[in-house]
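Please open the model in the viewer and follow the stops below in order. Each stop names a selection and then describes what is found there.

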Amino acid sequence: MTKAPQERAFEALTEKISRERGVSCGSYKDKCLKRRIAVRMRARGVHSYEDYGKILDHDAHEYQELLDALTINVTKFFRNVETWTALRPYLEGLAKARATLRIWSAGCASGEEPYTIAVLLADILGEAAGERASIDATDVDRLSLERTQQAHYPDAAFTEMPAHLKRRYFQGGEPLPSVRDLVQVRTHDLTRERPPHPPYDLIVCRNVVIYFERKAQERLFRAFVDALAPGGVLLLGKVETLFGPARESLTLVDPRERIYTKPSV
Ligand SMILES: C[S@@+](CC[C@H](N)C(=O)[O-])C[C@H]1O[C@@H](n2cnc3c(N)ncnc32)[C@H](O)[C@@H]1O
């Protein structure tokens, strides 16, 4: 097969996936899509995009396997623990300055990230956390959201979490109700939908945007800026960097952990 027909077949397959399953493949980098589709094609022993498309037509299980592969959902509690250490003073500052805190964990995977934020809030606000803070945990992947809702985690999810926080806020692999109740789980596609319930005092979006095309990243960053309350904080973590017009609207306060603040008006 020459390159051009193969490229056309790839486009036809990704258009089919977008049309049938509402994943906007056009917003993701081709390289990422190709790598992940290739993994599934190898698993099924097919060598062309057309043949793989035919499998998808009659195998709902394979379709779900593919969607899972496309939305890589690796995560952990306190993933990159130094990022959370760096964020904590900003959360404390917000907690002092505001009566209530609205937070968005965008691309939350199976929930370890929003529950990490919930633990920090419980630790900072104590018993008042339930009245003063709420976290929207969103993702496009149905299975990930089910896991977030179930909130039952294996030991492997805790390897980066400080032991004293685990002892204090978890029991038998599950967050205590005081932590759990801070988190609202919602389905949300970052490439197609507006932020769910702005304004937010903190937006956390880590290890998600790297898979998006540059234009989709730029659009999303602008949406984050608009969705932040004045004085609000954006945490992108180690991997992603803000660029485009959004960069002009926020102040980079921690270059290593990519923490940005929106000026107060
Ligand atoms: C690697 S995980 C990141 C989890 C967590 N933020 C962390 O850093 O530990 C990436 C997540 O982004 C989600 N994702 C991918 N595309 C998305 C989209 N268009 N809208 C919302 N979430 C998306 C995936 O389903 C996956 O759960």
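The C-alpha trace spans about 60 × 45 × 30 Å along its principal axes.

The model is predicted: local features need pLDDT of at least 70 and side-chain atom pairs pLDDT 80 or more, while totals for chains, interfaces and linings use all residues. Residues are numbered from 1 along each chain as its sequence is written, and side-chain values use heavy atoms, with hydrogens and water left out.

Next, colour by secondary structure. The chain has 12 helices and nine strands, which are DSSP runs (helices H or I, at least four residues; strands E, at least two) numbered from the N terminus.

Which polar side-chain atom lies 2.6 Å from an oxygen atom of the ligand? It belongs to Asp-139. An N or O atom in the side chain of Arg-79 is 3.0 Å from a ligand oxygen atom. At Val-140, a backbone N or O atom lies 3.5 Å from a nitrogen atom of the ligand. The protein covers 99% of the 610 Å² of accessible area that the ligand has on its own (Shrake-Rupley method, 1.4 Å probe).

Move on to the loop between α4 (60-70) and α5 (81-97), where Phe-78 is found. Although Phe-78 is not a glycine, its phi is positive, about 50°.

Finally, select Pro-198 and Pro-199: the peptide bond from the former to the latter is cis, with omega near 0°. Pro-199 lies in the loop between β5 (183-187) and β6 (200-204).

Methods:
Polar contact = N/O pair within 3.5 Å; in protein donor to acceptor, adjacent residues only side chain to side chain.
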